[in-house]
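Some notes on this model follow, as numbered points. Please read them alongside the sequence and the coordinates.

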Amino acid sequence: MIQRKSAREIELMHEAGRLVASIHKEIAKLIKPGITTLEIDTFVEDYLRNNGAKPAQKGYQGYQYATCASINDEICHGFPRKEPLKNGDVVTVDFVADLNGALADSAWTHLVGDVPDEVKKLCDVTKEALYIGIRQAVDGNRVGDIGAAIEAFVNQYGYGIVRDFAGHGIGPTIHEEPNIPHFGSSGKGKRLKEGMVITIEPMINMGLWASQMDNNGWTARTVDGSLSVQYEHTIAITNDGPIILTEQEGF
Ligand code: MF3
Ligand code: CO
């Protein structure tokens, strides 16, 4: 069953989303060689709690941290750790805020120190792919329209689109129907309706799309060892078009 939210519920999720966005902007300032992803995790948890929110990922299906921190060839669900980030790393920080029961989920990839231009390009393309997907998140479209638009755009660059993880409906729990793949066929899949709140979160690999699971049962990484980056927003589908609840610009 796909949950649809009232305008009031969407506003509460937007409040959670504004908090998530402000934390991502703070993380961007903290990221530099030498900081650890465990320190970032503590920062995020403290910031959430100081603002009356909870880290929704902590305890979710046994996950132990407030954030996921996925470095270099890690695609998603990397564990925060005590090894410092190094110059040239890329790290995706992903977390979900629970503000009075309203959830918002966003991931952002950060460059650590100096990285090659080809890595910046991978990030720029992935971020643009997210926004291209968001433009399809309108009442009356189908889920496949989102994936098809992302796939057509990303394929021009020869990157791999991760197939084993997808965006999702969100609220009242983190993962709700529908599944939102980042590839697909336009006109196919479930119909998008006003009131649905979803995430779009393309994970794009410099090389092949294939992923493998670490022994920890959580962390996915690229099979070929290539870099993987990700940008994710929580989006409400409304009669006025898509509203990005976790937008970092313009407020
Ligand atoms: N934020 C993640 C997502 O985008 C959810 C991670 S669930 C966790 O789907 F348990 F790994 F935290
Ligand atoms: Co997320």
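1. A residue counts as buried under 20% relative accessible area, as exposed over 50%, and as partly exposed in between. On that scale Phe-79, with a relative accessible area of 24%, is partly exposed. The model is a predicted one.

2. Phe-79 has an aromatic partner in Tyr-63: the ring centres are 5.8 Å apart and the planes stand at 65 degrees, so the pair is edge-to-face. The cut-off behind that label is an angle over 60 degrees. Tyr-63 is buried, with a relative accessible area of 3%. Tyr-63 belongs to the loop between strand S1 (54–55) and strand S2 (67–71), whereas Phe-79 belongs to the loop between S3 and strand S4 (90–99); the pair therefore ties together parts that are 16 residues apart in sequence. Both rings are members of one aromatic cluster, formed by Tyr-63, Tyr-65, Phe-79 and Trp-218.

3. The whole structure holds eight aromatic pairs. One of them, Tyr-157 with Tyr-159, is stacked, at 6.0 Å centre to centre and with 15 degrees between the planes. Which of these two tyrosines is buried and which is partly exposed? Tyr-159 is buried, with a relative accessible area of 12%, and Tyr-157 is partly exposed, with a relative accessible area of 32%.

4. The largest nonpolar core has 32 residues, and the members that touch the most others are Ala-137, Ile-146, Val-154, Ile-198 and Ile-200. At least two core residues come from each of helix H3 (117–135), helix H4 (143–155), strand S9 (197–200) and strand S14 (233–238). H3 gives the largest share, eight residues.

5. What does Ala-137 contact, apart from its neighbours within four places in sequence? The partners are Ile-146, Leu-192, Ile-198, Ile-200, Ile-235, Ile-237 and Pro-242. Among these, Ile-146, Ile-198 and Ile-200 are also listed with Ala-137 as the core members touching the most others.

6. One open sheet has three strands in the order S3-S12-S11, with antiparallel pairing. Strand S3 (74–76) and strand S11 (211–213) are its edges; each has a single partner strand, so one side of each lacks a neighbour in the sheet. From one strand to the next the twist averages 40 degrees. S3 and strand S12 (residues 220–222) run antiparallel and are joined by two bridges. Across this pairing, Cys-76 stands opposite Ala-220 in S12.

7. Another open sheet of three strands has the order S6-S10-S13, and its pairing is antiparallel. Its edge strands are strand S6 (160–161) and strand S13 (228–230), each of which pairs on one side only. S6 and strand S10 (residues 203–205) run antiparallel and are joined by two bridges, and Ile-161 stands opposite Ile-204 in S10. H3 lies across S10 and S13 and runs at about 40 degrees to S13.

8. Strand S7 (residues 167–169) and strand S8 (residues 176–180) pair in the antiparallel sense, over three bridges. His-168 has Asn-179 in S8 as its bridge partner. Six residues lie between the strands of this hairpin, where Gly-171 takes a positive phi near 85 degrees.

9. Leaving aside neighbours within four places in sequence, Gln-248 is in contact with Ala-21, His-24, Lys-25 and Trp-108.

Definitions and conventions. Residues are numbered from 1 along each chain as its sequence is written. Chains are lettered from A and ligands numbered from 1 in the order in which they are written. This is a predicted model: local features need pLDDT of at least 70, side-chain atom pairs count only at pLDDT 80 or more; totals for chains, interfaces and linings use all residues. Side-chain values use heavy atoms; hydrogens and water are left out. A nonpolar core is a set of buried Ala, Val, Leu, Ile, Met, Phe, Trp, Tyr and Cys residues joined through side-chain atoms within 4.5 Å. Buried means under 20% relative accessible area, exposed over 50%, partly exposed in between (1.4 Å probe, protein chains only). Helices (H or I, at least four residues) and strands (E, at least two) are DSSP runs, numbered from the N terminus. Contact means heavy atoms within 4.5 Å. Two strands pair if DSSP finds at least two bridges between them. Axes are lines fitted to C-alpha atoms, for helices over the stretch in contact, and angles run from 0 to 180 degrees between N-to-C directions. Rings of Phe, Tyr and Trp (its six-membered ring) pair if their centres lie within 6.5 Å; planes under 30 degrees apart count as stacked, over 60 as edge-to-face and the rest as tilted.
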